[in-house]
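The following note sets out points for a colleague who is examining this chain. Please read it beside the sequence and the model.

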Amino acid sequence: IEFFGNINPYVGMGIKIITSLVLGGLIGYDRETKMKTAGIKTNIMICLGATLFTASSFLNLADHPNSDPNRIAAQIVSGIGFLGAGTIFHGRGFISGLTTAATMWVVAAIGVAIGSGFPITATIFTITVLVVLSAISPIYNLFGRQKDFHMEVLASEDLHDSVREMLLKEHFYIREIYEEMLDPIISLRIIHVVIRAQSKALSNFVTKLVRLRNVRRVHFYDHDGEFKGDPHQVPGDHGDH
């Protein structure tokens, strides 16, 4: 273990397990608070799995001195790609989930570092990943070209607070948000949101918004009233309102 030298293998494995739980959980918490597909449990399992595979490959050296532990790490690198591919969503004119897939790949690398006996190095990289995930979006929004947009969310439930919370987590500047009831019997309503954002960032946000339960349709206009792209409609919901 890094800075500890040779220690009891069971103590070392315990340190690696606890480190994997903490570091994988920290990154997973960041992803879950931003309503990503891979949350706390997924990232913890990826980190634990990579740690166990790597640590086991080193333990086998005692019985098989000619074996190469790097072969296991190479298989983790390629194998995690299949898991990450499942988080990528492709629609008309947009792709989402790339950051989540890349984060899962990095979490696996952190697990490999822990399993190799470098928990402190893995911790430094985890802090770096959290800084990137938290700081890049505000910086990008600060220096990127932004416009005023009017977004309309058709929902069959009161999602006013949920939509507002999601917007704040994405660091959008909310100018106005209000709700218009269309049919109180079936609780059909439109949530109107006026925000300042970049077109691409808002489009990516809409792809996340339509995955919320009871969201029927989402579309948005720029400040001049020009419709931006096709409406984002929930799969299977083909009714007009």
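**Points on the structure**

1. Arg-196 counts as partly exposed, at 29% relative accessibility. In this note buried means under 20% relative accessible area, exposed means over 50%, and partly exposed lies in between (1.4 Å probe, protein chains only). A salt bridge is taken as a side-chain nitrogen of Lys or Arg within 4 Å of a carboxyl oxygen of Asp or Glu. Because Asp-148 lies in strand β3 and Arg-196 in strand β5, the pair ties together parts that are 48 residues apart in sequence.

2. On the basis of the note: this is a predicted model, in which local features need pLDDT of at least 70 and side-chain atom pairs count only at pLDDT 80 or more, while totals for chains, interfaces and linings use all residues. Residues are numbered from 1 along each chain as its sequence is written, and side-chain values use heavy atoms, with hydrogens and water left out.

3. Which residues are linked with Asp-148 in a network of salt bridges? The network consists of Asp-148, Arg-175 and Arg-196. Between Arg-175 and Asp-148 the closest N and O atoms are 2.9 Å apart. This pair also links distant parts of the chain, with Arg-175 in strand β4 and Asp-148 in strand β3, 27 residues apart. Asp-148 counts as buried at 15% relative accessibility, whereas Arg-175 is partly exposed, with a relative accessible area of 43%.

4. Another salt bridge joins the side chains of Arg-189 and Glu-179 (2.9 Å, N to O). Arg-189 belongs to strand β5 and Glu-179 to strand β4, and the two are 10 residues apart. Arg-189 is buried, with a relative accessible area of 8%; Glu-179 is partly exposed, with a value of 30%. The salt bridge count comes to 6.

5. Lys-147 lies in strand β3 and is partly exposed, with a relative accessible area of 25%. Leaving aside neighbours within four places in sequence, Lys-147 is in contact (heavy atoms within 4.5 Å) with Ile-195, Arg-196, Ala-197 and Asp-222. Lys-147 and Asp-222 are 75 residues apart in sequence, yet 7.1 Å apart in space, C-alpha to C-alpha.

6. The overall architecture comprises 7 helices and 7 strands. Helices (H or I, at least four residues) and strands (E, at least two) are DSSP runs, numbered from the N terminus. From the N terminus on, the order of elements is α-α-α-β-β-α-α-β-α-β-β-α-β-β. Of the 241 residues in the chain, 39% are buried. Among contacts between residues at least 6 apart in sequence, 65% join residues at least 24 apart.

7. In soluble globular proteins, nonpolar side chains tend to be buried together. A nonpolar core is here a set of buried Ala, Val, Leu, Ile, Met, Phe, Trp, Tyr and Cys residues joined through side-chain atoms within 4.5 Å. The largest such core has 24 residues, of which Met-151 and Leu-167 touch the most other members. Two or more residues each come from β3 (147-155), α6 (160-169), β4 (173-183), β5 (188-197), α7 (199-209) and β6 (215-222). The largest share, 5 residues, is that of α7. Not counting residues up to four places away in sequence, Leu-167 touches Met-151, Phe-172, Ile-174, Val-193, Ile-195 and Phe-205. There is also a second, separate core of 18 residues, including Val-107, Ala-108, Ile-110 and Val-112.

8. Beyond residues up to four places away in sequence, Asp-30 touches Leu-130, Leu-133 and Ser-134.

9. Phe-3, in the segment before α1 (9-33), is exposed, with a relative accessible area of 70%.
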